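Trainee: I'd like to go through some labels with you and hear what stands behind each of them. Could we take them one by one?

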Amino acid sequence: MIDCAKILEIADRELAGTDMFTVSCKCSPANEVELLIDSDTAVTIEACADLSRAIEEHFNRDEEDFSLTVASAGIGSELCTLRQYLKIVGSPVEVLLKNGTKILARLDAADEKGITVSYKERQAVEGRKRKVEVDVVRTYPFEEIKYTKEYLDFK
């Protein structure tokens, strides 16, 4: 079976010096490998094809048969790496917490511990009969987050 760690090592070496980076690698028992990459700017089809060819050069097809797919982490896909979070700071995100709470917010900051988001929330305020919309800024550690996606509003 193909080793994802070896594929990631080769891909990282090939992408060094570019604005592209690896996001994830999944290997199935049938040797179907899916490598996702991202970029600080854009990932072209040519870049995916070039990386695929560079990785395949390191393996002997006679010894091990495998299928390799190199693709860009698409818009709306879950964020997996800190670099992906840093790339979209200031953008709207959808965060699903492990407790089931879904939050639509602006990503204000991200570090190796978690993320900081801001959003408007209706809260009861003392002295007011109705709930008032207030600005909320919260920090969530990655341990509490099930997934985060860049939020696209088509309205």
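Trainee: Why is C80 called partly exposed?

Mentor: Buried means under 20% relative accessible area, exposed over 50%, and partly exposed in between (1.4 Å probe, protein chains only). C80 has 48% relative accessibility, so C80 counts as partly exposed. Keep in mind that this is a predicted model, where local features need pLDDT of at least 70, side-chain atom pairs count only at pLDDT 80 or more, and totals for chains, interfaces and linings use all residues. Residues are numbered from 1 along each chain as its sequence is written, and side-chain values use heavy atoms, with hydrogens and water left out.

Trainee: How do you know that the sulfur of C80 is too far for a bond?

Mentor: A disulfide is a pair of cysteine sulfur atoms within 2.5 Å. For C80 the closest cysteine sulfur, in C25, is 12 Å away, so that is too far for a bond.

Trainee: What makes C4 and C27 a disulfide, then?

Mentor: Their sulfur atoms are 2.3 Å apart, and the structure holds one disulfide. The link of C4 and C27 is right-handed, with 115° about the S-S bond. C4 belongs to helix α1 (residues 4-15) and C27 to strand β1 (residues 20-27), so the pair ties together parts 23 residues apart in sequence. Helices (H or I, at least four residues) and strands (E, at least two) are DSSP runs, numbered from the N terminus.

Trainee: Is C4 buried or exposed, and what about C27?

Mentor: C4 has 15% relative accessibility, so C4 counts as buried. C27 has a relative accessible area of 21%, so C27 is partly exposed. As for C48, no disulfide includes that residue, and the nearest cysteine sulfur, that of C25, is 13 Å away. C48 is buried because its relative accessibility is 11%.

Trainee: Why is S118 called buried?

Mentor: Its relative accessibility is 13%, so S118 counts as buried. You will find S118 in strand β6 (residues 114-123).

Trainee: With which side chain does the side chain of S118 make a polar contact?

Mentor: The partner is the side chain of D108, at 2.8 Å. A polar contact is a pair of N or O atoms within 3.5 Å; within protein, one must be able to donate a hydrogen and the other to accept it, and residues adjacent in sequence count only if both atoms are side-chain atoms.

Trainee: Where does E94 lie, and why is E94 called buried?

Mentor: E94 sits in strand β4 (residues 92-97). Its relative accessible area is 14%, so E94 is buried. The side chain of E94 also makes a polar contact with that of Y147, at 2.8 Å.

Trainee: What can you say about the phi of N31?

Mentor: It is near 60°, a positive value in a residue other than glycine. N31 has its place in the loop between β1 and β2, and N31 is buried because its relative accessible area is 10%.

Trainee: How many residues line the largest pocket, and which lie nearest its centre?

Mentor: There are 16 lining residues, and D38, A73, G74, K87 and E150 lie nearest the centre. On a 1 Å grid over the protein atoms alone, a pocket is an open set of points where a 1.4 Å probe fits, with protein on both sides within 12 Å along at least five of seven lines; lining residues have an atom within 4 Å of a point. Strand β2 (32-39) and helix α3 (82-87) each supply at least two residues of that lining.
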